Amino acid sequence: MSLRTLFALAIGLTGMPTTLSAQTGSPRIAEYGAIAPLTGVETRADPALRYRAVFNITKAAATPDKVNPSLEKVARLLNLLDRDKIRPAPGDIVVIVHGAGTPIVTNSAVYAAKTKAQHNPNIALIDKLRNAGVIVAVCSQALHGNRIATSELVPGVRVDLSAMTTLAALQSQGWALIPD
């Protein structure tokens, strides 16, 4: 499924034909979530909508020295919306991490011990996302299963009871689910 199709299905867009030009200025999340200048697209983000999305991150990157692509997808959404001058309210974008993705929210020492990478390449992106109002959360059940203490997390990462309860609650309240 193309990014355009996924974006249209998961977030909701207007049906008005338009042309997107190259983004001017800096993207909302600099250095992450690159977006391409596109022409001839049939839809663009609707500034009248309230964009609330929950990103379900369950996978690790192909190699532990790379930024997690599902985490980078969060930055891409913010950059796409920012191109149309849409800024979701703080807390309207939520990331819930669990499964094989759990180590991405640990400090560099723990990440290195678990993955054999030199450091955690996700920390800078997590900080940028949090500064943009994104809630980055981790499943407490996944922490337990991966033997990770809350003191080993990147500062500011929220610990939720479980990914399942977070996903069910937010979707029940109208958040769009973006899977990894």
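The model is a predicted one. I begin with a right-handed β-α-β unit, which is formed by strand β3, helix α5 (residues 140–145) and strand β4.

Which strands pair with β3? On one hand there is strand β2, residues 93–97, which pairs with β3 in the parallel sense over four bridges. Within this pairing, Val97 has Val138 of β3 as its bridge partner. On the other hand there is β4, residues 158–160, which also runs parallel to β3 and pairs with it over three bridges. Here Ala137 has Arg158 of β4 as its bridge partner.

Is β3 mostly covered or mostly exposed? Strand β3 spans residues 135–139, and four of these five residues are buried, so the strand is mostly covered, where buried means under 20% relative accessible area.

I now turn to the backbone of two lysines. Lys85 is not a glycine, yet its phi is positive, at about 60 degrees. Lys85 sits in the loop that connects α2 (69–83) with β2. Why does Lys85 count as exposed? Its relative accessibility is 73%, and the exposed class begins over 50%.

The second case is Lys116, again a residue other than glycine with a positive phi, here about 70 degrees. Lys116 belongs to the loop between α3 (108–115) and α4 (123–131). Lys116 counts as exposed because its relative accessibility is 72%.

Thank you for your attention.

Technical notes. Residues are numbered from 1 along each chain as its sequence is written. This is a predicted model: local features need pLDDT of at least 70, side-chain atom pairs count only at pLDDT 80 or more; totals for chains, interfaces and linings use all residues. Side-chain values use heavy atoms; hydrogens and water are left out. Buried means under 20% relative accessible area, exposed over 50%, partly exposed in between (1.4 Å probe, protein chains only). Two strands pair if DSSP finds at least two bridges between them. A crossover is right-handed if, with the strands pointing away from the viewer, the path from the first strand over the helix to the second runs clockwise.
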